[in-house]
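Here are my notes on the model you sent. Please read them with the structure open.

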Amino acid sequence: MTAPPSPGSPGDGDEPSGPDLEIFRHALESSVEEMGVTLQRTAYSTNIKIRRDHTCALFDADLRHVAQHDVAPQHIGSLVSVIPRNVEPLLDELEPGDGFLINDPYRGAVHLPDVMLVSPVFDDEDADDPELIGVAANSAHHVDVGGSTAGGIPISTDLYQEGLVFPMVRAAEDWAYDDRIMSLVTRNVRDSEKRMGDYRAQLGANRIGVRRLRSLREEYGPEGLDRHLDALLDYTERRVRAAIADLPDGTYGASDEMDGDGVTGDPVPIALSITVDGDEMTLDFSGTASTNEGPLNCTPAMAFAGVMSVVMGFVGSDLPKNDGFYRPFEVVTPEDTMVNPREGAPVAGGWEVAMRAGELVAKAMADAVPEETIAATKGIICNVAYGGRDPRDGEEYVFYETVAGGYGARAERDGMDAVQTHFQNTANSPIEELETEIPLRVRRYELIADSAGAGRTRGGLGVRRDVEFYDHEATFSLLSDRAESDPWGLFGGRPGRRARYVVNPDTDPRPVNSKSTTTLDPGDVTSVQTPGGGGYGDPHERDPEAVARDVRNGVVSVEAARGEYGVVCDAEGTVDRAATEALRGSAETEGDGPAGESEGDGTDPEGGDPA
Amino acid sequence: MTVRIGVDTGGTFTDVIVYDPAAGETRVVKTPSTPPEFERGVLTGIDEALAKADEDPGAVEFLSHGTTVGTNAVLEGELPPVGLVTNEGLRDVLAIGDQTRPALYDLQAEKPDPPVERRLRYGVPGRIGSDGEVVDELDEEAVRSVARELAGEDPEVVVVSTLFSFLNPDHEERIGTLLEAEGLDPVLSSAVHPEIREYDRTVTTALNAAVRSTVRSYLDDLSAGVEERGIEVPVNVMHSGGGLFSTAEASRMAIRTVLSGPAAGAVATREAATAEGYADAVGMDMGGTSADVSLVRDGELARTTEGEVNDLPLKTPMIDVTTVGAGGGSVAWLDAGGALRVGPESSGADPGPVCYGRGGDRPTLTDANLLLGRINPEYFLDGEMSLAVEETRTVFERDLAGPLGRSVEEAALATVRVANASLAREIRRATVERGLDPSGFALVAFGGAGPLQAAAVAAETGMEKALIPPSPGVFSARGLLVADVRVDEARSYRGPLAADRLAEAFAGLESTLRERTRDQGFDTGDVAIERAIDLRYEGQSYELTVDVDDPLDGATVDRARDRFHRAHERRYGHANYGEPVEPVTLRATARVTTPELRVEAGTGDRDPERGTREVYFEGGFRTARIYRRTALSPGSTVEGPAVLEEAGSTTLVPPDATASVSGRGGILVDPAARDPL
């Protein structure tokens with residue numbers, strides 16, 4: 001057995017501190033890591049097993065959130081908003097080996113595909129009257145939960161069109177799923193065999209969590225465990241407060257517009273103000289659009305994850321995620337707005353809203369800590385789903401993916417090319433795996449030249465992904481954004497290129513809306529082109545050799561080098577120093593001013609283009 | 001008389017071990033490494049070792065080598081220009097990677113640079129589908145034109161990697177031919193790593209291509225020096241998979257040398273553990289900046305094909321080693337919430353811990369051990385370095401003890417405990433996450449810093465014994481003496497899990513293997529072939545590797561399937577016996593066995609007792625007996641608290657623990673006590 005802090009050791013009975021706490025933290029975090037590995041490695045759908053779109057967490061007997069497996073930050077705050085609220089009423093009914101399914105956005109959950117499984121942890125499963133010592137839970141993004149379109153991203157106008165709603169239903173007993181419930185579930189989703197494999201993986205993960213929490217309690221003893229948990233939460237809170245206190249006090253605001261809600265093409269305003277007051281922080285969404293008719297709504301849990309994943313970048317990236325972490329923050333989501341919609345409103349596009357909320361955190365913080373923040377990133381989840389009948393075997397298929405884009409430029413560094421941003425860090429599927437499973441061919445998967453916002457440091461490059469669907473009719477669903485507004489630059493940096501969504505881009509180009517479902521003819525090619533990141537600082541201050549390197553590598557054109565950066569060079573990237581100095585000098589005298597000062601209120605004259 | 005020699009080169013030191021099989025004796029020489037011309041240090045070490053053993057170069061009958069040359073080439077990122085030819089539209093696959101960021105919340109994070117610069121990446125029309133059939137014919141005119149452009153750029157080598165080449169290499173081979181016609185040096189992904197997943201395959205091929213010339217020229221220089229000395233046997237090189245291969249193979253598959261050093265330590269771990277009767281063991285090689293953790297299960301080293309170097313995937317078979325940022329030089333610090341943390345920052349070898357007196361001014365794990373009386377200030381590194389004990393106390397008081405409100409000794413003890421907790425977490429990861437219960441395992445601890453922490457880490461992870469092998473400071477070099485020659489081949493397989501089809505596919509793999517071992521000069525009669533297969537449930541994306549027994553027939557295939565179910569259950573807690581299982585990759589290994597070491601322990605004719613010293617444990621100072629480790633006779637036992645000292649390493653026997661000396665000179669520590677600190 002391991003060695004718990006021994007009785008008689010210095011500080012016995014006191015609050016565990018320094019070393020004891022660190023040792024305990026290692027043990028607790030390894031428990032949730034083990035849950036996470038189990039879930040990922042045993043799942044059947046790409047989304048979980050490769051894209052790692054899942055999280056695992058443990059709660060204590062008081063239903064406090066004590067540990068979380070940190071691979072997918074979009075799940076920060078989701079389990080915590082579900083567990084206390086939905087477990088409390090069931091306290092007298094819980095049995096060892098139970099598994100409850102919940103995805104109800106109006107009971108604390110996020111969007112329907114993120115299905116959570118919740119299991120109680122008892123001290124002794126075989127005892128007559130076992131004591132509840134905590135809760136193990138996990139959340140995994142299922143590729144299909146029913147609903148009107150394959151892949152769970154419909155242009156819905158109410159929640160029911162989005163799929164099956166689990167209201168905290170007991171779906172497993174004694175570590176086995178109830179066939180009656182699961183037959184109902186699988187009959188209502190597409191590609192049901194794989195889905196069942198995913199549910200089983202979720203149950204396996206909770207089972208590991210139950211074992212590990214129980215063995216921690218055996219090691220530390222009931223009081224010892226409580227004492228260490230208290231200390232860990234307090235420690236976390238202390239660190240968060242110290243980090244917030246280091247930020248300059250003040251209120252910092254930012255706003256933007258989204259493309260439209262999928263039903264109407266009107267731009268949708270989103271606003272955020274951040275108040276740093278001593279060691280506390282308030283994030284207020286007042287000024288954000290009211291509940292949308294289309295699926296562009298997010299639940300408060302999603303909005304929370306959206307802002308927090310970026311706030312983390314300013315308060316310390318290695319903080320444990322637990323109750324203590326959340327204490328110094330208040331997130332204000334006014335009722336009947338798109339960040340706290342009317343009950344029953346559709347939420348399928350909620351993560352797009354949450355993503356943009358995260359962008360606004362970075363933009364607002366430019367006023368507080370200009371050296372630490374970043375310009376606009378791709379700023380979209382870029383949900384893409386395909387469905388149809390595979391001509392090779394006649395079976396129905398569904399596939400869902402998200403596409404990376406540019407990262408925002410930083411004070412001293414270019415933005416990364418082709419990455420996921422903020423709370424999103426899901427991996428792609430290898431083309432060979434994808435083409436084996438799904439009847440498509442990836443025709444292009446490349447960086448987009450001239451998509452990066454120019455600046456002293458440039459934004460990251462966006463990505464173009466062209467997919468051909470052979471020998472069958474398929475549906476192509478998009479729930480994305482940023483086709484009608486710019487990913488902004490900061491402090492004179494230029495905006496990145498907007499997103500484009502096109503069918504048959506090289507033969508008979510047909511642009512489609514960022515939120516749409518299109519039926520494809522056999523042989524059609526879809527092209528998703530994600531935004532580049534915004535630049536940072538005056539492009540004329542960029543080292544001409546850095547510009548030349550980008551030209552040599554074909555990611556900045558000779559024309560853009562001259563027009564945006566004031567660098568005169570040839571296609572081989574040989575810089576004409578004299579011409580460059582002359583060009584840059586004349587631009588200054590013309591009083592061009594700091595280009596692209598677009599961090600103002602985000603109002604974009606082009607944003608109102610009706611679809 | 002004949003001798004066998006192993007040479008293990010690290011960044012700072014080169015360790016040479018000479019083994020005389022007739023006498024059952026080993027001798028060890030430690031000499032400074034000489035980067036960037038590492039061969040000089042290696043040759044000097046060999047000269048010194050032969051002189052010490054009083055042997056002629058002609059007496060060397062076996063020479064093997066663990067090297068960091070390939071590792072450094074990758075880590076330092078100074079790779080020569082490499083070109084790439086792939087499918088049209090897909091040249092940026094290498095830059096997009098898996099599209100994730102390396103750190104979740106760090107707004108300043110950086111993605112690794114792709115191993116081929118964009119201007120040298122080209123796409124050409126031509127496509128093979130997921131069934132291995134041609135979808136679009138290869139546009140040879142386009143290839144020729146790309147070849148001409150590339151020739152103008154003069155890359156050292158050109159990687160050719162196209163979709164589904166592991167099923168059908170025709171396009172890659174044709175592209176290769178056309179590139180050669182332009183005087184270029186092509187490397188095909190289907191030849192280097194014929195497995196599914198284009199990004200992984202391309203990166204692995206590109207990294208291999210990039211380090212090839214560095215490794216080859218190093219090994220050429222080394223071999224020439226060896227030959228010059230009159231050593232008549234060729235140099236064998238340790239590969240990442242824990243086996244030896246020839247310099248020709250090492251040059252061809254240079255990327256397989258990246259874990260050469262850690263693999264030697266893992267092989268030594270396996271040998272020492274099994275010789276002491278432990279089929280299951282964890283190896284903990286703890287040096288100045290980090291600890292490498294390896295795993296032995298059922299007498300075999302745990303291997304993986306899911307490696308990473310510099311944040312880039314590396315998918316060749318390798319020893320499953322996890323590196324933990326906890327070494328002797330790891331810095332102890334208090335974070336903003338008041339928690340005591342150890343590492344990952346390290347003071348390294350220079351300036352090193354405060355007690356080295358070379359300008360280090362942050363408290364480290366080694367400093368903590370010194371303050372606790374666990375390291376002898378005079379005996380440390382054979383007394384070669386004078387230790388600034390007072391300075392160390394001052395730094396601990398200032399940075400840790402003062403702010404924590406504890407005594408210097410309490411702060412030092414806390415530092416040791418936190419380091420042990422992170423080692424224990426990593427070991428749990430290596431065992432429990434594979435469904436293994438470490439309680440029957442032995443912890444084989446070595447490296448300069450490992451034996452001090454061994455008893456505590458073994459206790460914390462519930463392991464039965466800690467084993468401190470003889471000369472733990474140069475233990476990795478021993479692995480080079482006992483490693484088998486291993487040549488690995490693997491190939492993606494698309495088809496049913498049926499004996500006849502598998503037999504056919506394996507036959508192809510095995511004939512390649514036999515050819516390659518014959519090329520290395522081995523008699524096919526000495527070569528044993530082992531088969532394994534990566535299986536998964538249909539629809540899963542991660543596989544588990546299981547052995548396939550001989551002869552390949554319905555019964556052995558069923559047994560392999562059953563092994564998969566059980567491995568899945570052990571590792572993940574459940575198995576789906578009714579579900580179909582699909583094969584993904586076939587693996588075959590040719591093995592030529594190396595004779596075992598016959599080691600006589602020292603006779604113990606010197607007095608092992610060196611008096612006593614006050615050593616701090618939980619609760620206060622205790623009087624510990626101090627022993628000269630090399631003078632302890634086999635069969636003797638030592639009761640804790642005690643400290644066993646030898647050149648380059650110190651073993652701690654905590655209070656209530658007992659250590660005994662085995663017939664092979666290993667120290668077995670039974671942690672026994674519930675709280676070993």
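1. Two strands are said to pair here if DSSP finds at least two bridges between them. The model is a predicted one. In chain B, strand 25 (residues 485–492) and strand 28 (residues 581–592) meet this condition, pairing in the antiparallel sense over 8 bridges. Across this pairing, B:Arg491 stands opposite B:Leu586 of strand 28.

2. Strand 28 of chain B is also joined to strand 26 (residues 528–537) of chain B, by 10 bridges, and these two run antiparallel.

3. Chain A has 13 helices and 20 strands. Its radius of gyration is 25 Å, close to the 25 Å that the globule rule gives for 611 residues, so chain A is as compact as a globular protein of that length. Along the principal axes, its C-alpha atoms fill a box of roughly 85 × 65 × 45 Å.

4. Within chain A, 63% of the 611 residues count as buried. Of the contacts in chain A with a separation of 6 or more, 74% are between residues 24 or more positions apart.

5. How many residues of chain A are in contact with chain B? There are 71, and they meet 62 residues of chain B. Several elements of chain A each supply at least two residues to this side, among them helix 5 (192–220), helix 6 (222–245) and strand 14 (440–447). Helix 1 of chain A gives the most, with 12 residues. By class, the side of chain A that touches chain B has 27 nonpolar, 22 polar and 22 charged residues.

Technical notes:
Residues numbered from 1 in each chain as written. Chains lettered and ligands numbered in written order. Predicted model: local features only at pLDDT ≥ 70, side-chain atom pairs only at ≥ 80, totals over all residues. Contact = placed C-beta atoms within 7 Å. Helix = DSSP H or I, 4+ residues; strand = E, 2+ residues; numbered from the N terminus. Nonpolar A, V, L, I, M, F, W, Y, C, P; charged D, E, K, R; others polar. Rg over C-alpha atoms; globule rule 2.2 N^0.38 Å. Buried ≥ 20, exposed ≤ 12 C-beta atoms within 10 Å, placed from the backbone.
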